[in-house]
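Hello,

Here is the structure I promised to pass on to you. Please open it next to this message, and then read on for what turned up.

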Amino acid sequence: MERDVSLPAASHRPAPEAAQAAAPLSPPPALVLERLGYARAGQVIIDDVSVVLNGTARTLILGPNGAGKSVLMRLCHGLLVPTSGSLRWEPARPVRQAMVFQRPVVLRRSVLANVTYALHLAGVPRRRRRAQAFDALERVGLAGLASRAADLLSGGERQRLALARAWALAPEVLFLDEPTANLDPASTAAVERIAMAIHAAGTRIVMSTHNLGQARRLAGDIVFIDQGRVIEHVPAPRFFAAPGSMNARRYLEAELP
Amino acid sequence: MNDIGLALRQALSMLVTLDPSLVGVVLLSLQVSLGAVLIAAIAGAPLGAVLAICHFPGRRPLVVIFNALMGLPPVMVGLFVYVLLSRAGPLGPLGLLFTPRAMVIAQALLVWPIVVALSRQAVEDLWIEYAEALRSLGARWWHAVPTLLWDARHALITVLLAGFGRAIAEVGAVMIVGGNIDGVTRVMTTSIALETSKGNLAFAMALGFVLLALVVLLNALAFTIRQRTMPHGT
C-alpha cells in the first residue's frame with residue numbers, strides 16, 4: 001500500500017524540526033553528481049554529468065534551449081530518477097530543499113493557505129503555520145494580499161508566492177528553473193532580490209536562466225551545458241571574460257544587445 | 001386535441017395550487033435522487049481522484065470500465081439491485097425492496113460510475129498542472145487526493161449536477177426496485193409512466209413540467225458554474 005509509482009518517495013521531505021529554524025546556519029550541503037545520466041524513450045537527455053556544487057556561491061545553469069537544464073535540475077531535486085550514475089549530498093543526510101518552477105503553480109485557495117499548505121506537508125505543527133506563512137509572505141512583499149484568492153494574482157505575484165512558499169520551508173537548497181522567463185522587468189527584479197535574500201540567509205541557490213544579464217548579476221559560478229553534457233563549470237567572471245569552450249563562446253556571442 | 005388542451009389546463013392548475021399528491025411525488029423524487037448523488041459523490045469522487053493520479057496495475061482497465069458504466073442501462077441496475085434485495089437475495093433479510101431506500105441504492109449505483117469517470121477526468125486535468133509542484137513539496141498520493149478534490153471543486157459540482165440529472169430522469173431502476181407504490185415509492189418518472197398509460201394525462205403532464213423545469217434549472221446552474229470558473233489568465 002505504501003508503494004506508489006506516480007508519487008515516488010520524496011527523499012528530500014523537509015525534516016519537521018529543522019523546517020522551523022529561521023535559516024540554516026551551517027554551510028549548505030554540497031551536491032555531488034557522478035556520471036549522472038538520464039534517458040527517456042531511448043533518447044539521452046543528460047549524458048555523463050559529473051559536477052560538484054559546493055562552497056557558498058550561487059550556481060547558474062546556462063545553456064541553449066533543449067540542452068537539458070530543466071531535466072538536470074529535476075534530477076538534482078529528486079523529481080526525476082537518474083537512469084545511470086549517481087547523485088548524493090555531502091554530508092549524506094536528508095536535505096531540506098525546494099524548487100521554484102518557470103510556471104508557478106498556485107493552489108486554488110488563499111495566498112496564505114498556499115504557504116500554510118506547504119508547511120503542513122513539511123510537518124510544521126498547525127499552531128505555528130500561520131505565523132510562519134505570514135512571515136514568509138512579508139519577506140516577498142505579499143503580506144497585504146494574504147487573504148486574496150491565489151489564482152487571481154498576476155504572473156509576477158504568483159512567482160513571488162512560489163518563492164514565499166519555498167522560503168517558508170527554510171530550505172538548505174533552492175532550485176529555480178528559469179523563474180523569470182515569463183515575467184516583466186519589475187517582477188524579474190523582485191524575483192532576483194528575493195533569490196539573493198534567500199541566498200544571504202544561508203541557502204544554496206541553483207538556478208537556470210536564459211537571460212545572460214541575469215546570469216551576470218547573480219552568478220557566483222556557471223555550469224554551462226549543451227546537449228545534455230556539462231561543457232564548463234567555472235567561476236562566473238572567468239566564464240564571461242574567456243569561455244573555455246567553443247560552444248560557450250558561440251552561446252555568448254549570440255547574445256542580443 | 002381538446003383532451004390535450006383540457007389536460008394541459010388541469011396540469012397548470014395542479015401546479016399553481018400545489019396539488020398535495022403532486023408535491024409528495026416531487027419531494028420523494030428529490031429526496032431519493034439527492035440521497036443517491038450524495039452517496040455516489042462520497043464513494044465516487046475520491047476513487048476518481050485516485051484513478052487520476054495513482055498508477056497501479058489494472059488502472060487502465062478500471063478507467064475503461066468506469067467510462068463504459070456511465071452508459072449503464074437503468075433497468076439493468078434495477079434488475080441487479082432487485083436480485084440483491086429480493087427476499088431470496090443476499091441482502092433480502094434487510095427488507096429494503098420496494099422502499100425509498102432501495103431506490104436510493106439503485107440510483108446511487110447508477111450515478112456512481114458517472115461521478116468516478118468524470119471526476120477522474122477533472123482531477124487528471126488539474127494533476128497535469130500540479131504534479132511537479134506537489135511532489136516538490138513532498139506530497140504523497142494521500143495528500144494529493146484531497147488537495148486535488150478541493151482545488152477541482154467547481155468542476156466536481158458540475159459532475160454532481162450531471163449525476164443528479166441522470167438520477168432524477170431515470171425510470172427503469174426505481175420502477176423495478178421501488179415498485180411504484182402510491183404514496184410510498186412513487187416518484188416523478190414512474191408516475192408519469194403510470195398515469196400516461198392510465199390516461200391521466202393531466203397529472204403526467206404536470207409532473208412532466210416539473211421534471212423539465214428541474215432539468216433546465218440544473219443545466220443553467222452547471223453552465224453558470226462553468227462560466228464563473230473559466231481560467232482567469234495570469
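Which residue of β9(A) is the bridge partner of Phe224(A)? The partner is Glu232(A).

Before the rest, a note on conventions. Residues are numbered from 1 along each chain as its sequence is written, while chains are lettered from A and ligands numbered from 1 in the order in which they are written. The model is predicted, so to speak: local features need pLDDT of at least 70 and side-chain atom pairs count only at pLDDT 80 or more, whereas totals for chains, interfaces and linings use all residues.

**The sheet**

Helices (H or I, at least four residues) and strands (E, at least two) are DSSP runs, numbered from the N terminus, and two strands pair if DSSP finds at least two bridges between them.

β8(A) and β9(A) are part of an open sheet of six strands in chain A, with the order β5-β6-β7-β3-β8-β9 and mixed pairing. At its edges are β5 (97–100) and β9 (229–235) of chain A, each of which pairs on one side only. On average, neighbouring strands of this sheet are turned by 15 degrees against each other, direction ignored. For this and the angles below, axes are lines fitted to C-alpha atoms, for helices over the stretch in contact, and angles run from 0 to 180 degrees between N-to-C directions.

Helix α6 (residues 185–200) of chain A packs on the sheet, where it touches β6 (173–177) and β7 (204–208) of chain A; the direction of α6(A) makes about 150 degrees with that of β7(A). Contact here is between residues whose C-beta atoms, placed from the backbone, lie within 7 Å.

**Two helices side by side**

Helix α5 (residues 155–168) of chain A packs against α6(A) at an angle of about 10 degrees, and their axes are 9 Å apart. That makes the two helices roughly parallel (under 35 degrees; over 145 is roughly antiparallel, 65 to 115 roughly perpendicular and the rest oblique). Among the residues making the contact are Leu163(A) and Trp167(A) of α5(A) and Val191(A) and Ile194(A) of α6(A).

**The hairpin**

Strands β1 (residues 30–40) and β2 (residues 43–53) of chain A pair in the antiparallel sense over seven bridges, and Leu33(A) has Val51(A) as its bridge partner in β2(A). The two strands form a hairpin with two residues between them, and Ala41(A) in the turn has a positive phi of about 50 degrees.

**Backbone spots to look at**

Most residues other than glycine have a negative phi, and most peptide bonds are trans. Here are some places to check against that.

- Ala170(A), in the loop between α5 and β6 of chain A, has a positive phi of about 45 degrees. Ala170(A) is buried, with 23 other C-beta atoms within 10 Å (buried means 20 or more, exposed 12 or fewer, partly exposed in between, with C-beta atoms placed from the backbone).
- Gln227(A), in the loop between β8 and β9 of chain A, has a positive phi of about 50 degrees. With 15 other C-beta atoms within 10 Å, Gln227(A) is partly exposed.
- Glu90(A) and Pro91(A) are joined by a cis peptide bond, with omega about 0 degrees. Pro91(A) is in the loop between β4 (84–90) and β5 of chain A.

Best wishes

Methods: Two residues are in contact if their C-beta atoms, placed from the backbone, lie within 7 Å.
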